[in-house]
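Visitor: I have not seen this one before. Can you walk me through it?
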Amino acid sequence: MTTLLDVDNLWVRFPNRSGVFDAVRGVSFSLGRERLGIVGESGSGKSLTGRAILRLIRSPGIVEAGHINLHGDNLLDKSEAEMRKVRGEKISMVMQDPKFSLNPVMTVGDQIIEAYRLHAKASKAEAYRKSVEMLEAVSIRDAERVMKAYPHEMSGGMGQRIMIAMMLIPNPEILIADEPTSALDVSVQGQVLSIMDKLVKERGMGLIFISHDLNLVSQFCDRVLIMYAGRIVEVCDAAKLHEAKHPYTQGLLGSLPRFDEPRDRLQVLTRDPAWREAPSVEGRL
Ligand SMILES: Nc1ncnc2c1ncn2[C@@H]1O[C@H](COP(=O)(O)OP(=O)(O)OP(=O)(O)O)[C@@H](O)[C@H]1O
């Protein structure tokens, strides 16, 4: 499989009064034209890993890595202006709550048209037509009405699909989706997942899907990196996640409620201090 992105020995550090807190500790992995899940409990470093790739870690946070190569081109060597281009054209990121990403005082239509015209020379009428098409492509019915609406008038699922539509305008090669469906109800979640699935299969996009939901990731992704305390503790084929070997992954799986095997009590995850110290596992293709 072609490697789109290669992350080598990534660290994210935050200086504090007592020294430095290492939130991501030497993570290495690659991404092909696949659905790569990153799972782990809250605070394990999943979101920071995604943000660090796009160089979105704010000061005083520090990002260090051997390289973050996009087609062999190291993103760490790029200027801020070049990074804006990467973010606009090559790698897009969808966050959990689209309401924070959409401008509240502009109609949905004006925002999509503006985003479209930033990337392609087009008349307003042409951009309008394309924008309606884009909304239809993410299964929004009544797209013309939605174009006239403001973000607060949208449901969470609708907002998320609009964000995805906007992210697709530049036809990015990589989409980083950070808990993109956790605020959505199950049927809308299914629609959003199937849109992302299509992008991977039909456009050959690479998807990094960050989630704390192991069941969802095992069903939706191809490969999974399991993170604990800023490191990758295990890498699995998603379909084989239930055969995972690391006690942390087993513990996460054991603490999930199941319908087929009702349990009186859910397992409590006891953490072994040695897990923190073990070197990060490589998640390369
Ligand atoms: N700006 C910051 N300053 C200091 N510590 C931070 C900062 N941002 C994140 N952290 C810490 O880094 C760790 C990893 O954060 P991260 O957001 O990557 O976790 P996560 O695995 O995505 O968790 P969640 O599922 O809750 O989003 C957490 O302990 C968090 O408190």
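What follows is a short chat about a ligand shell and a sheet.

Guide: This is a predicted model, where local features need pLDDT of at least 70, side-chain atom pairs count only at pLDDT 80 or more, and totals for chains, interfaces and linings use all residues. Residues are numbered from 1 along each chain as its sequence is written.

Visitor: Which residues are closest to the ligand?
Guide: Ala-23, Ser-42, Gly-43, Ser-47 and Leu-48 are the closest of the 13 residues that surround the ligand. A residue is near if its C-beta atom, placed from the backbone, lies within 6 Å of the molecule.

Visitor: Where does the largest share of that shell come from?
Guide: Helix 1, with three residues. Strand 2 (19-31) and helix 1 (46-53) each give the shell at least two. Helices (H or I, at least four residues) and strands (E, at least two) are DSSP runs, numbered from the N terminus.

Visitor: Switching to the sheet, what is the strand order?
Guide: The order is 7-8-9-3-10-11, six strands in an open sheet with mixed pairing. Strand 7 and strand 11 (231-237) are the edges, each pairing on one side only. Two strands pair if DSSP finds at least two bridges between them.

Visitor: How many bridges join strand 7 to strand 8?
Guide: Four, and the two strands run parallel. Ser-92 has Leu-175 as its bridge partner, and Val-94 is opposite Ala-177.

Visitor: Are the residues on the faces of strand 7 buried or exposed?
Guide: Buried on both faces, with Ile-91 and Met-93 on one side and Ser-92 and Val-94 on the other. Buried means 20 or more other C-beta atoms within 10 Å of the residue's own, with C-beta atoms placed from the backbone.

Terms used:
Buried ≥ 20, exposed ≤ 12 C-beta atoms within 10 Å, placed from the backbone.
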